[in-house]
Amino acid sequence: MGLNAEEVKYIIYGIADAIESNKEYLTELDSAIGDADHGINMSKGFHAVSIKLKSYIDEDIGALLKMVGMTLISTVGGASGPLYGTAFMKAGAYASGKMEINLYDFTEMVSAGLEGIKMRGKAVLGDKTMIDAIEPALNTLSEQCKLNLPAGDVLETAKEAAKYGVECTKAMEARKGRASYLGQRSIGHQDPGAASSYIIFESIYKAYLKLETKKLKSRRDYL
Amino acid sequence: MTGVVIVSHVRRISEGIKELINQMGIINIPIKAAGGTADGRIGTDTNDIKSAITEIFSDDGVMVFYDIGSALMSTEIAVECLPEYMRKKIYIMHAPIFEGSFIAAVNLSINKSVEETVIELNNMKTDKSKW
């Protein structure tokens, strides 16, 4: 896989774009069982991240991810700020000092991030939260990251696992977040946090594929 | 003097609680209202909470009351960003935001210690585990 800070930046721009184009969708999901602000909050956060990225120059991937985490914490406003913010901070702590990351590193970063989310939100699998999308994706990554498979294929399987996780949240009764006050009334709706986590995994996969294509192309040009 | 920070998703809620406490004639306690996002939306802002705590911090500590959801997580992060000597004097309280901050301010204003007040308010802890 082998991504440098510039390429990680490209992927983060990809996440920000995906959040922006799914803003209405996330808000719609959140208005069914929450406070209807997930789309706008996530878009505020990642918009602030995009602005900072424009003038950001540092080759340390850990520092880059910590910057993303801090920005989300201070701009989102809802629970997704401290949660995704902590996840990026923890991923950044793992990647601290690294100028390049591979699929194994990415897996470790997701693992550190998920641990951070659990620590901060005190939720577990099955509570109808973002964990229900992230944990299946992480399990897939952990199983496949050492098998020498093409990174694109592994990222694709991981985002599909996250998608399946989001589907599963429909049948769950919320035990955390605003939706938990609704109890059984939350059943039948998918969790907006799980949905945004899937969007993040999907956009990482898509941005990675674009990077691969670019690399192949530039290699061809060179030859 | 121990201070009280009130963290709500809506700035007017925390300011309203402060107003109601002041109406009791309690003006000798440093009270700071925090809440809302930096751009005026409903939500909580770690930086805002951190500066509220810092502004009224003394060696007697600061008690922090919060409403729901992200308010606790944002408060926890704000406290984690403070230097060690301050951190151990911040009391994040799980009592209902209004009753808790009101009782805390009254107690502190009649010279009850912060330790005593924390114990009293821990008895009225509500389940805020559903962030």
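This is a predicted model: local features need pLDDT of at least 70, side-chain atom pairs count only at pLDDT 80 or more; totals for chains, interfaces and linings use all residues.
I'll start with the overall build. Chain B has six helices and four strands. In sequence order they run β-α-β-α-β-α-α-β-α-α. The radius of gyration is 13 Å, close to the 14 Å from the globule rule for 131 residues, so chain B is as compact as a globular protein of that length. Along the principal axes, the C-alpha atoms take up a box of roughly 35 × 35 × 30 Å.

Next, the inside and the surface. Of the 131 residues in chain B, 51% count as buried. If you take contacts with a separation of 6 or more, 75% of them in chain B involve residues 24 or more positions apart.

Now to strand β1 of chain B, which covers residues 3-8. Which strands does β1(B) pair with? On one count, strand β3, residues 62-66, runs parallel to β1(B) and is joined to it by five bridges. Strand β2, residues 31-35, also pairs with β1(B) in the parallel sense, again over five bridges. B:Val4 shows both pairings: its bridge partner in β3(B) is B:Met63, and in β2(B) it stands opposite B:Ile31.

Is β1(B) enclosed or open? Six of its six residues are buried, so the strand is largely enclosed by the rest of the structure. B:Gly3, B:Val5 and B:Val7 point one way, while B:Val4, B:Ile6 and B:Ser8 point the other way, and all are buried.

What does B:Ser8 touch, leaving aside residues up to four places away in sequence? The list is B:Ile13, B:Ser14, B:Ala34, B:Gly35, B:Gly36, B:Gly43, B:Thr44, B:Asp67 and B:Ile97. B:Gly69 is 61 residues from B:Ser8 along the chain, and their C-alpha atoms are 9.8 Å apart.

Last, one residue from chain A. A:Thr169 is in helix α8 of that chain, residues 151-169. A:Thr169 counts as buried, because its relative accessibility is 0%. Beyond residues up to four places away in sequence, A:Thr169 touches A:Lys128, A:Thr129, A:Asp132, A:His189, A:Gln190, A:Asp191 and A:Ala194.

Note on methods: Residues are numbered from 1 along each chain as its sequence is written. Chains are lettered from A and ligands numbered from 1 in the order in which they are written. Side-chain values use heavy atoms; hydrogens and water are left out. Helices (H or I, at least four residues) and strands (E, at least two) are DSSP runs, numbered from the N terminus. The radius of gyration is taken over C-alpha atoms; the globule rule is 2.2 Å times the number of residues to the power 0.38. Buried means under 20% relative accessible area, exposed over 50%, partly exposed in between (1.4 Å probe, protein chains only). Contact means heavy atoms within 4.5 Å. Two strands pair if DSSP finds at least two bridges between them.
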